Amino acid sequence: MKQLVIERERNGKYQNFADFCERMYDHDLNSRALESLIKAGTFDSMAYRSQLLVVANRVLSAASRNRKKNIEGQMNLFDMGNEAISDVQVPLPDIPEVGRKDLLTMEKEMTGMYMSGHPMDEYVELVEKSKSASLQKIISDLSGDNDVPLYKDGDLARVACVISVVRAKSTKKGDMMAFVTVEDRTSSIEAVVFPKTYQQCRNIIQEDAPVLITGRIDAREDEKPKIIVQEIRPLNEQTAEDAQHQSVEADVKKESKNILKLRINSIRSQEWNDVKKILLKDLGQTIVYLYVEGETKPRRVNDMYRCNLSDNILSELKALLGEDNVKITPISDLKRNR
């Protein structure tokens, strides 16, 4: 890239694609580097990327032959008759440009970022209709930059985004889960999809897919914020319409009729870490309270660990903590005792 700039400053702007290839040929320009430059959009002002990808190797080959002949003092690139390399003598194929989605994919593949736009640009109206939070707003609130943050650790949030990276992983039990990088037009964040949710949504979890995600914010100290996914749906007119009439804030406040009481020895123990892993397997609306040995008052567990009271969850908790240390009681009992 440095040589590209030096050549341009020394001998003027590149007139066309052929001019670029001829002038940069002596600077180790090869087909792979040229293809990368095309895909990154370097020559978008000269021709379609689809056209340049077709002729790139021919142009390089001709530049190579011309260089050899120039060394022999015979001719330059634009005096080669039928083999001349110019936008006139080597016409570009009459083909349409690749689709916008593919253009953006090329840019991301080559540079690690989108250059000419963003995959979510075409979904702006759906994002607004779905009443989704911007990732930048969530991250900014969690960083402490805002005096009156709207989002905090444990809150439920809805985000409309595109999946950029999917890393599927097998748990110790052999169940599949995924760590997914999602991004909107403002920022990006990691979303964690645990086995139960992954099983339900695995066909939707695809790179470059526009999605509507609902999940709890996980903002632990010394770690970047994440979203613990509870639901993933394709982002389309129907799902945006449905989301428009469903309040995420109401979902946060919605509680089950029961609470889960767990008695543990210490919150600094491996036992507590194991409890959290179990609760995350089946996220739901049941609030969890901890009764820690030696403490007089129960602790309400962060809302990100609200769970469903399924037989599997209760069985695992009882096996870990003991039958007498796992209790389910009506939430009304807790409210009466306050």
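How many aromatic pairs does the count come to? The structure examined here is a predicted model. In this model the count comes to four aromatic pairs. One of them joins phenylalanine 20 and phenylalanine 43. The ring centres of these two residues lie 4.9 Å apart. Their planes meet at 70°, so the pair is edge-to-face; the cut-off for that class is over 60 degrees. Phenylalanine 20 and phenylalanine 43 are both buried. Ring pairs also build a cluster, made of Tyr14, Phe17, Phe20 and Phe43.

Asparagine 16 lies in the loop between helix 1 (2-11) and helix 2. Its relative accessibility is 13%, and asparagine 16 therefore counts as buried; the limit for buried is under 20%. The side chain of asparagine 16 reaches the backbone nitrogen of alanine 18, at a distance of 3.2 Å.

Backbone angles come next. Most residues other than glycine have a negative phi. Lysine 131 is not a glycine, yet its phi is positive, at about 55°. This lysine 131 is placed in the loop between helix 6 (124-129) and helix 7 (135-143). With a relative accessible area of 56%, lysine 131 is exposed. Aspartate 208 also has a positive phi, near 75°, and is a residue other than glycine. Aspartate 208 is found in the loop between helix 8 (195-201) and strand 4 (210-218). Here the relative accessibility is 29%, so aspartate 208 counts as partly exposed.

Strands of a sheet pair through backbone hydrogen bonds, either parallel or antiparallel. Strand 7, residues 283-292, runs antiparallel to strand 8. Two bridges join strand 7 to strand 8. Tyrosine 289 has arginine 300 of strand 8 as its bridge partner.

Leucine 314 is found in helix 12. Its relative accessible area is 13%, so leucine 314 is buried. Which residues does leucine 314 touch, not counting those up to four places away in sequence? Leucine 314 touches Leu260, Leu309, Val326 and Ile328. Leucine 314 and isoleucine 278 are 36 residues apart in sequence. In space, the C-alpha atoms of leucine 314 and isoleucine 278 are 9.2 Å apart.

Technical notes:
Residues are numbered from 1 along each chain as its sequence is written. This is a predicted model: local features need pLDDT of at least 70, side-chain atom pairs count only at pLDDT 80 or more; totals for chains, interfaces and linings use all residues. Side-chain values use heavy atoms; hydrogens and water are left out. Rings of Phe, Tyr and Trp (its six-membered ring) pair if their centres lie within 6.5 Å; planes under 30 degrees apart count as stacked, over 60 as edge-to-face and the rest as tilted. Buried means under 20% relative accessible area, exposed over 50%, partly exposed in between (1.4 Å probe, protein chains only). Helices (H or I, at least four residues) and strands (E, at least two) are DSSP runs, numbered from the N terminus. Two strands pair if DSSP finds at least two bridges between them. A polar contact is a pair of N or O atoms within 3.5 Å; within protein, one must be able to donate a hydrogen and the other to accept it, and residues adjacent in sequence count only if both atoms are side-chain atoms. Contact means heavy atoms within 4.5 Å.
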